Amino acid sequence: MINEFRRARRRKAADTILVVDAMTERVVGRIGNLSETGMLLMAGAPLADDALYQFRFSLPSDDGSESTVEVGAHLLWVDQASAPGQAWAGFRFIGLTEHQAGPLRAWIDAPGSRYE
């Protein structure tokens, strides 16, 4: 068995969390998992290799409210998914402020979270 050690805990998205390109206002995919430092995205739109993006998404909370997060992200890798027209993509967040990190941390650490 392979043990994988990551610097930041990740939470798998049990529900659909859509990710919007803040520059074009188009949905680019949905979150697979999320950490304070990056995310796994199931992309349904074409992505440019090694590109920088500005993404926006809303994280649900147990009380029914949502926290909107807007982050800069660097595309690290893309791997074609088994579904036609979709790909898995790994992003690293860049220039994340404490104000932006707060909602991410709260969502990742919420009771009942499933860590990867």
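Two aromatic rings are taken as a pair if their centres lie within 6.5 Å, and planes over 60 degrees apart make such a pair edge-to-face. With this definition in hand, a search of the whole structure, which is a predicted model, turns up three aromatic pairs.

Tyrosine 53 counts as buried because its relative accessibility is 14%, below the 20% cut-off. Phenylalanine 91 is buried as well, with a relative accessible area of 4%.

Phenylalanine 91 also pairs with phenylalanine 55. Here the ring centres lie 5.0 Å apart with the planes at 85°, so this contact is edge-to-face too. Because phenylalanine 55 sits in strand 5 and phenylalanine 91 in strand 7, the pair ties together parts of the chain that are 36 residues apart in sequence. Phenylalanine 55 has a relative accessibility of 0% and therefore counts as buried. Taken together, ring pairs link Tyr53, Phe55 and Phe91 into a cluster.

Another kind of ring contact involves a charged side chain. Arginine 11 lies over the face of tryptophan 107, at 4.2 Å from the ring centre.

Conventions:
Residues numbered from 1 in each chain as written. Predicted model: local features only at pLDDT ≥ 70, side-chain atom pairs only at ≥ 80, totals over all residues. Heavy atoms only, no water. Phe/Tyr/Trp six-rings, centres within 6.5 Å; stacked < 30°, edge-to-face > 60°. Buried < 20%, exposed > 50% of the residue type's maximum accessible area, 1.4 Å probe, protein only. Helix = DSSP H or I, 4+ residues; strand = E, 2+ residues; numbered from the N terminus. Lys NZ or Arg CZ within 6 Å of the ring centre and 35° of its normal.
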